[in-house]
Amino acid sequence: MTDPQHPTNVTSRESVMLRRRLRPRYPLKMRIMFGVALCAALYACGLDDTVIEMEGPGDASGSGVGDASIDASTNDASRDGATSLDGSTGLSDSGTPADGYEKALTIHSANVTATLTDFPVWIQLSDADLAAHAAANGSDIYFTDNAGAPLAYEIQHWISAGGHLEAWVKVPSVSNAADTTIYIRYGKSGGPAANSAAVFSANFVSVWHLEAPAGASFPDALGAHNGTPVNISSNPTTTAQLGSGVAFDGGTGEITFTNALSGNTASTISLWVSQGTTTDNDALVVLGNGTAEQSRWLHSVFTPNPSTVTPTNVAIGFYNDDWSNPESSIDIIGAGWTSLVWVYDGVNASTLYKNGAFADGPHAATGTVNTQGTTGYLGNAPAAYGTNMGAHATIDEVRIANVVRTLPWIAAEYANQKSPTAFYAVAAEQAAP
């Protein structure tokens with residue numbers, strides 16, 4: 001009689017049935033885990049086009065409800081009714097990182113001579129990665145600090161084709177002791193909204209980028225003192241130092257706004273100007289009344305005494321009490337884009353800076369500074385200031401602050417705005433964490 005434990009003389013069908021009865025029956029969960037592990041091993045060994053099927057309950061052939069299959073040729077694990085996922089790379093089905101992309105922007109400490117707080121950094125990029133992965137309208141672009149916390153930002157201009165971005169970002173602290181790194185993020189919707197007023201929170205009272213087309217008002221980034229075009233009939237905007245600026249032709253064209261300075265308040269008035277040929281008194285920024293000591297105005301050209309001196313000086317003053325820096329003539333006619341910064345200390349002393357460096361001063365007013373009047377002007381001055389006050393110049397990025405800016409701040413602004421790509425380095429694209 002044949003030993004039932006060693007059925008050597010049974011038929012083939014009997015043999016198969018007997019082996020099935022004697023084969024260990026592992027729980028379904030254990031069999032699924034074994035199949036997944038085996039598939040992973042096959043995939044690692046490069047065995048493409050391998051399909052492993054695992055039995056589901058109620059069907060010894062593996063064709064029952066609840067079967068799970070893994071196709072090693074696609075690395076795509078699926079379960080009936082489930083969505084395909086790839087957990088090994090962090091990518092969505094489209095191949096885009098789940099949290100989008102980012103690039104590190106590292107501000108070189110060598111460009112800063114002191115730690116600056118809440119400093120607006122000018123970002124100007126033409127980047128193929130931005131063009132490829134950012135939304136066409138730029139709505140997914142935002143900025144963070146090194147720890148991933150959102151930073152206040154303003155997008156001044158965005159062109160999807162070519163990935164051209166012009167933006168302002170408030171960096172809480174820019175150090176002169178170590179490089180400062182921030183990040184631009186893009187490729188995923190739902191980031192923080194732009195907030196231009198928050199960018200310029202460090203004692204600015206008015207900031208005009210001068211980007212508006214003909215007929216439109218010129219927004220104040222702080223939202224308080226928008227500029228109104230007057231007698232500017234043709235499109236005044238043109239390519240300038242920071243995007244676009246306004247070209248004045250020496251006539252009566254001007255931009256008016258509400259003056260935010262009064263009395264003896266300290267102030268810093270700055271702008272970029274490309275000065276054309278002129279022999280007039282070209283008014284650039286004017287605040288207040290055309291009455292002695294009641295205004296603050298910055299000229300690109302002024303005729304000092306004696307009248308034989310060539311009128312090539314930059315002039316600052318409080319109307320009828322002007323300083324035209326005769327000690328060190330500052331001629332900007334035909335010099336191209338020039339940064340001018342006038343700092344008034346709130347007592348009676350004025351200092352002038354040109355292209356991020358000390359130019360002359362301090363010089364004291366001879367009378368008592370008492371700025372009055374609610375109106376301000378860019379590119380011209382009213383009749384009370386004299387004749388031929390229209391600027392023969394293109395003006396860009398006009399700012400007024402109610403604080404004394406330091407030389408480190410002024411120098412860093414100039415370095416950043418003169419050559420953004422030298423002020424910071426842009427790293428390669430990577431998946432956002």
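Two strands pair if DSSP finds at least two bridges between them. Helices (H or I, at least four residues) and strands (E, at least two) are DSSP runs, numbered from the N terminus. The model is predicted: local features need pLDDT of at least 70, side-chain atom pairs count only at pLDDT 80 or more, and totals for chains, interfaces and linings use all residues. Residues are numbered from 1 along each chain as its sequence is written, and side-chain values use heavy atoms, with hydrogens and water left out.

**View 1. Strand S15 and its two partners.** Seven bridges link S15 with strand S20 (residues 338–344) in the antiparallel sense; Val 273 has Thr 338 as its bridge partner in S20. S15 also runs antiparallel to strand S24 (residues 393–401), joined by seven bridges. In S24, Thr 394 stands opposite Ser 274.

**View 2. The open sheet S5-S8-S7.** Three strands make up this sheet, and their pairing is antiparallel. Strand S5 (116–126) and strand S7 (153–159) are the edge strands, each pairing on one side only. On average, neighbouring strands are turned by 20° against each other, direction ignored (axes are lines fitted to C-alpha atoms).

**View 3. Strands S7 and S8.** Six bridges connect S7 to strand S8 (residues 164–174), an antiparallel pair. Val 169 in S8 stands opposite Tyr 153.

**View 4. Helix H5 on the sheet.** Helix H5 (residues 407–418) packs on the sheet and touches S5 and S8 (contact means heavy atoms within 4.5 Å). The direction of H5 makes about 10° with that of S5, where the helix axis is fitted over the stretch in contact and angles run from 0 to 180 degrees between N-to-C directions.
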